Amino acid sequence: MEFETTLKTLETLIGQLEKGDQPLEKSLEIYEQGVKAVKDAEKRLQEMQGKIEQLMADGTKKPL
């Protein structure tokens, strides 16, 4: 899943929780999905940061 898709998923999940009309069990399920999406997003960001650092170390790209 692309990073932007993960962010959209998170926005949707947050919106569902903010409505407050879900039963407790469903809210917990949505929350668990959100935690997984956050972990996925963090992993992708770390991968991207590693790639950027590698590119900068190789001298192939200038710092932004």
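The model is predicted, so local features need pLDDT of at least 70, side-chain atom pairs count only at pLDDT 80 or more, and totals for chains, interfaces and linings use all residues. Residues are numbered from 1 along each chain as its sequence is written, and side-chain values use heavy atoms, with hydrogens and water left out.

Let's begin with helix 2, which covers residues 24-58. Helices here are DSSP runs of H or I with at least four residues, numbered from the N terminus. How far apart are the end C-alpha atoms of helix 2? They are 51 Å apart, and this agrees with the 51 Å that its 35 residues should span at 1.5 Å a residue. The expected span is 1.5 Å times one less than the number of residues. Just after helix 2 comes Gly59, with a positive phi of about 75°.

Now look at which residues of helix 2 are hidden. Ser27, Ile30, Gly34, Ala37 and Ala41 are buried, meaning under 20% relative accessible area with a 1.4 Å probe, protein chains only. An α-helix has 3.6 residues a turn, so residues three or four places apart point the same way. What covers the buried residues of helix 2 includes helix 1, residues 3-19.

How do the two helices sit against each other? Two packed helices are described by the angle between their axes and the distance between the axes. Helix 1 and helix 2 pack at about 155°, with their axes 9 Å apart. Those axes are lines fitted to C-alpha atoms over the stretch in contact, and angles run from 0 to 180 degrees between N-to-C directions. Helix 1 is therefore roughly antiparallel to helix 2, the word for angles over 145 degrees.

Two residues let you see this packing up close. In helix 1 you will find Leu10, which is buried with a relative accessible area of 14%. Leu10 touches Gly34, Ala37 and Val38, leaving aside residues up to four places away in sequence; contact means heavy atoms within 4.5 Å. By contrast, the C-alpha atoms of Leu10 and Gln54, 44 residues apart along the chain, are separated by 29 Å.

In helix 2, take Ser27. Is Ser27 buried or exposed? Ser27 is buried, with a relative accessible area of 18%. Not counting residues up to four places away in sequence, Ser27 touches Leu17 and Gln22. Leu17 belongs to helix 1 and is among the residues there that meet helix 2.

Methods: Helices (H or I, at least four residues) and strands (E, at least two) are DSSP runs, numbered from the N terminus. Buried means under 20% relative accessible area, exposed over 50%, partly exposed in between (1.4 Å probe, protein chains only). Angles under 35 degrees count as roughly parallel, over 145 as roughly antiparallel, 65 to 115 as roughly perpendicular and the rest as oblique.
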